[in-house]
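Dear colleague,

Please find below the sequence and structure that I am handing over to you. My notes on what was found follow directly after it.

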Amino acid sequence: MAGYESAQAAEQAFYEAFEHGSLAMMTEVWADDPDIVCVHPGGERLQGREAVLESWGEILAAMQDVVVRATDVVVLGHGNLVVHHVREQLFVDGQRRGVVLATNAYRLTTEGWQMVLHHGAPDPSPPPALESAGLH
Amino acid sequence: MNSPEEARAAYYAAFRAADIEAMMRVWAERPDIVCLHPGSPRAHRGVAEVMESWLLVFSRELNIRIEPRLVAGSETDTIACLLTEELVTRPGDLTPTGSIFVSQTYRKLEQGWRLVQHHASHGRRAPPNPAGVFVAEGGGQSTH
């Protein structure tokens with residue numbers, strides 16, 4: 001397992017794994033720690049590596065032509081623990097499909113920076129997508 | 001507040017009392033604090049926005065009962081990221097039928113431990129199971 005040079009690099013890898021639908025990449029992102037925890041929007045708490053990666057396996061298998069842009073990032077961190085609050089913008093086939101407001105936490109482990117927490121909440125009132133987006 | 005646990009206890013005391021002064025004493029006085037309430041379309045940032053958001057929360061009657069449980073956390077000497085699961089009992093229900101997830105970040109600052117980030121979101125809402133008890137643990141499915 002390879003960690004990352006910074007929390008920012010780990011986050012970039014997290015969203016790349018998402019876009020590529022790659023469980024192998026997602027597996028690298030998460031810390032090998034029984035305390036890791038993941039809450040998908042409106043979902044249950046998934047704790048521990050097995051439960052977290054199993055959920056991502058299901059989600060990533062359905063990923064096709066998905067682009068995720070993390071915007072409005074607030075970085076709160078100190079030393080070996082960094083927390084990002086982000087607005088994830090999801091685009092499918094060039095169409096904006098939704099927004100997830102998320103908290104991501106990263107720790108500097110012996111392997112490098114890795115994700116220890118992901119908490120996503122659906123945005124109940126995303127701004128309307130641009131009419132021209134993705135249309136012919 | 002000498003520890004993240006103490007600060008978290010102060011948060012729930014302020015929340016239950018709907019005491020805005022106490023709530024803002026829990027928060028760091030920093031421009032980069034961030035607060036997201038369940039169902040809110042965006043996060044509130046900075047002391048003025050965060051305070052305004054809590055004034056709005058406290059202006060409504062809290063008619064649900066919550067039982068917070070600390071379920072996960074990552075801590076160093078100067079920062080802690082904690083996940084709390086709040087079991088929610090709504091009016092007319094005898095037992096919890098849903099949950100709210102709260103991730104919070106506390107920082108050790110000159111004044112002691114303070115809240116710098118709060119993100120609350122609705123979890124699964126389920127009818128009571130046949131035994132009459134909502135089971136928070138378990139295989140709920142969701143997509144990202």
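In the hairpin of strand 3 and strand 4 of chain A, two residues lie between the strands, and Gly79(A) has a positive phi near 65°. Strands here are DSSP runs of E with at least two residues, helices are runs of H or I with at least four, and both are numbered from the N terminus. The model is a predicted one, in which local features need pLDDT of at least 70 and side-chain atom pairs count only at pLDDT 80 or more, while totals for chains, interfaces and linings use all residues. Residues are numbered from 1 along each chain as its sequence is written, and chains are lettered from A and ligands numbered from 1 in the order in which they are written.

Leu76(A) has Val83(A) in strand 4 of chain A as its bridge partner.

Strand 4 of chain A also pairs with strand 5 (residues 95-109) of chain A, in the antiparallel sense and over twelve bridges. Opposite Leu81(A) stands Arg107(A) of strand 5 of chain A. The hairpin of strand 4 and strand 5 of chain A has two residues between the strands, and Asp93(A) takes a positive phi near 50° there.

Turning to the two chains together, 32 residues of chain A are in contact with 32 residues of chain B (contact means that the C-beta atoms, placed from the backbone, lie within 7 Å). On the side of chain A that touches chain B, strand 6 of chain A gives the most, with five residues.

In chain B, helix 1 (residues 4-17) has 14 residues and reaches 20 Å from its first C-alpha to its last, close to the 20 Å expected at 1.5 Å a residue; the expected span is 1.5 Å times one less than the number of residues. Its buried residues are Pro4(B), Ala7(B), Arg8(B), Tyr11(B) and Ala14(B). They line one face of helix 1 of chain B, because they fall within an arc of 125° seen down its axis, the arc being that of the directions from the helix axis to the C-beta atoms. On the other side of the helix, Arg16(B) and Ala17(B) are exposed. A residue is buried if 20 or more other C-beta atoms, placed from the backbone, lie within 10 Å of its own, exposed if 12 or fewer do, and partly exposed in between.

Yours sincerely

Key:
Pairing = 2+ DSSP bridges.
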